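Keep it brief and give the cut-offs.

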Amino acid sequence: MHGLGADGNDFVPIIPMLGLPVGHSVRFIFPHAPVRPVTLNMGMAMRAWYDIKSLTAEGREDADGIAASARRIEGLIAELRDEGIAPDRVVVAGFSQGGAVALHTALGYPVRLAGLLALSTYLPLRDRLADHAHAANRDLPILMMHGSFDGVVSPEFGSASKDRLLEAGYRVDWRTYPMEHQVSPEQIADIGRWLNERLPAMEAGTP
């Protein structure tokens, strides 16, 4: 899931940079967030997974919008299940605002997933984590990555989210990179290796 104001095409170019083995039949799905007014940007309509009123923790807490976007991602997973792809072969991933939705969706999903990838983001509604989280993904592998010079989502904010997850008993692989609110070649290579561990190649013809 892309960040605020971008669209599903934003991360398509990184696929060949991941270094996945030739013939590794991984399907990438890059959904578009709906176009909606964003309070932080003077009500300008843009692609956004939920509204943001300010850059404070409270200002980012559009609970209804986050829940609606999570339901949409759950719908995509349901479509994959209908095709015969089990949830434990699905990694939920997102960048910035999309990463917040990825965290919320995966932690509350009632069937075990393959992994959770959260880039330059934060845990939304973290005071409600105990009520929202589902036991099926209590041991879900989580990779959180953040730029140490991020001026949009501060690394301290991301680290606080990581700490909250660790306190709740989750396994979190936390990595920082000397970059701003972006992705870097070193990070992309690390993502590729992590995906290869989460989604080992299967025999041809296996969903």
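Which residue in the turn of the hairpin formed by S1 and S2 has a positive phi? Met42 does, at about 60°, and the hairpin has five residues between its strands.

## Basis of the model

This is a predicted model, in which local features need pLDDT of at least 70, side-chain atom pairs count only at pLDDT 80 or more, and totals for chains, interfaces and linings use all residues. Residues are numbered from 1 along each chain as its sequence is written, and side-chain values use heavy atoms, with hydrogens and water left out.

Helices (H or I, at least four residues) and strands (E, at least two) are DSSP runs, numbered from the N terminus. Two strands pair if DSSP finds at least two bridges between them.

## The hairpin

S1 and S2 run antiparallel and are joined by four bridges. Val38 faces Met44 of S2 across the pairing. Met42 lies in the loop between strand S1 (35-38) and strand S2 (44-47). Its phi is positive although Met42 is not a glycine. Met42 is exposed, with a relative accessible area of 82%. Here exposed means over 50% relative accessible area, buried under 20%, and partly exposed in between (1.4 Å probe, protein chains only).

Tyr50 is buried at 0% relative accessibility. Asp51 is also buried, with a relative accessible area of 14%.

The side chains of Asp51 and Thr39 make a polar contact of 2.7 Å. Such a contact is a pair of N or O atoms within 3.5 Å; within protein, one must be able to donate a hydrogen and the other to accept it, and residues adjacent in sequence count only if both atoms are side-chain atoms. Tyr50 and Gly98 are 48 residues apart along the chain, and 9.4 Å separates their C-alpha atoms.

## The parallel sheet

Four strands make an open sheet with parallel pairing, in the order S3-S4-S5-S6. Strand S3 (91-95) and strand S6 (172-177) are the edges; each has a single partner strand, so one side of each is left without a neighbour in the sheet. From one strand to the next the twist averages 10°. Axes are lines fitted to C-alpha atoms, for helices over the stretch in contact, and angles run from 0 to 180 degrees between N-to-C directions.

S3 runs parallel to strand S4 (residues 115-119), with five bridges between them. Gly94 stands opposite Ala118 in S4.

The largest pocket holds about 890 Å³ of space. Val26, Arg27, Phe28, Ile29 and Val91 are the closest to its centre among the 36 lining residues. Helix H1 (63-82), S3, S4 and helix H5 (185-198) each give two or more residues to that lining. S3 gives the most, with five. The lining divides into 27 nonpolar, six polar and three charged residues. Ala, Val, Leu, Ile, Met, Phe, Trp, Tyr, Cys and Pro count as nonpolar, Asp, Glu, Lys and Arg as charged, and the others, Gly among them, as polar.

The second largest pocket has a volume of about 180 Å³. Of its 15 lining residues, Gly3, Leu4, Ser96, Val152 and His181 are the closest to the centre. Nine residues of this lining are nonpolar, four polar and two charged.

On a 1 Å grid over the protein atoms alone, a pocket is an open set of points with protein on both sides within 12 Å along at least five of seven lines; a cavity is a set where a 1.4 Å probe fits but cannot get out; lining residues have an atom within 4 Å of a point. Points are joined across faces, edges and corners, and a volume is the space filled by probe spheres set on them.

## The cavity and Leu125

One cavity of 30 Å³ or more is present. The largest cavity holds about 50 Å³. Its lining includes Leu103, Leu107, Leu125 and His132. Helix H2 (97-108) and H3 each supply at least two lining residues, and H2 has the largest share, three residues. Six lining residues are nonpolar, two polar and two charged.

Leu125 lies in the loop between S4 and helix H3 (129-132). Leu125 is not a glycine, yet has a positive phi of about 50°. Is Leu125 buried or exposed? Leu125 is buried, with a relative accessible area of 8%.
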